Amino acid sequence: MGSSTMVKVRNILIGGEKPCICVPVIGVDREQVLREAEEVCRKKPDLIEWRADFFQAIHDQNSVLATAKELRNVTEDIPILFTVRSEREGGQPIPLDGQEVQQLIEAICKSRVVDLVDYELAYGERIAPVRRAADEGGVRLVVSRHYFDGTPSKETLVAEMRQAEQCGADIAKVAVMPKSPQDVLTLLQATEEARRELSIPLITMAMGGLGAITRLAGWLFGSAVTFAVGKQSSAPGQIPIDEVRTVLSILQMYSQ
Ligand SMILES: O=C1C[C@@](O)(C(=O)O)C[C@@H](O)[C@@H]1O
């Protein structure tokens, strides 16, 4: 099929000709989140990710919704991706179980204060109701899978992106932790194959130092978004946004 579908979110196009840069915000409370967001917005990322698993009041839905609303005022037209990364996939320990996370994500979708939500492929049957809530709120759904301890086979990675699409994802995302240059190639090959097969945009990265190349050149293989550091890093191997932007612009200039 080939990834023909682009996802338009506010003023940006995900899966278009240019790669998008997403910067995480990982503050632990309202003040930190808003201050960090103000600071990173000055660097003009294409997207902001609120990693709400770092937020200490995550158990208090009203507080999460109120902070998301304030974040919206800070980021203005920069789209917000709302993520509660599970501990098993590299996130912070949080006092919510699977059902409570689902309820929170659905509430966030329906509140319409964010533009995209991340939900893990491992949640399985819970994805369908989240998809419906996303539709209700006009929110885009990113279905993700993270391997913090290694890199599965290319076939597994492609199958997971395919499964994400079948579950109704608007965007499929996979992250791996390479232990060798071969693992980095596996991630890039899986990206390139999935790009040819699937119709939704992909976000892929290899983490850590070995994987840094994928954060800079992954879009040439089909990764539509790269995560970069605005103020604080949310995963190993992320590179500061200004440096990512410089390299992307050089690659874009000479890869036409
Ligand atoms: O899924 C991802 C990608 C990421 O893990 C990275 O490696 O850049 C960073 C996370 O904040 C984000 O949710």
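Colleague: Which way do strand 5 and strand 6 run, and how many bridges join them?

Modeller: Strand 5 (residues 80-83) and strand 6 (residues 116-120) run parallel and are joined by 3 bridges. Two strands pair if DSSP finds at least two bridges between them, so strand 5 and strand 6 count as paired. In this pairing, T83 stands opposite D118. The model is predicted: local features need pLDDT of at least 70, side-chain atom pairs count only at pLDDT 80 or more, and totals for chains, interfaces and linings use all residues. Residues are numbered from 1 along each chain as its sequence is written.

Colleague: What joins strand 4 to strand 5?

Modeller: Strand 4 (residues 47-51) runs parallel to strand 5, and 4 bridges join them.

Colleague: Why is helix 3 called roughly parallel to helix 4?

Modeller: Helix 3 (residues 98-111) and helix 4 (residues 127-137) pack at an angle of about 15°, with their axes 7 Å apart. Angles under 35 degrees count as roughly parallel, and therefore helix 3 is roughly parallel to helix 4.

Colleague: How confident is the predictor?

Modeller: The chain averages a pLDDT (confidence in each residue, from 0 to 100) of 96, and 98% of the residues score at least 70.

Note on methods. Buried ≥ 20, exposed ≤ 12 C-beta atoms within 10 Å, placed from the backbone. Helix = DSSP H or I, 4+ residues; strand = E, 2+ residues; numbered from the N terminus. Right-handed = clockwise from strand over helix to strand, strands pointing away. Axes fitted to C-alpha atoms, helices over the stretch in contact; angles between N-to-C directions. Parallel < 35°, antiparallel > 145°, perpendicular 65-115°, else oblique.
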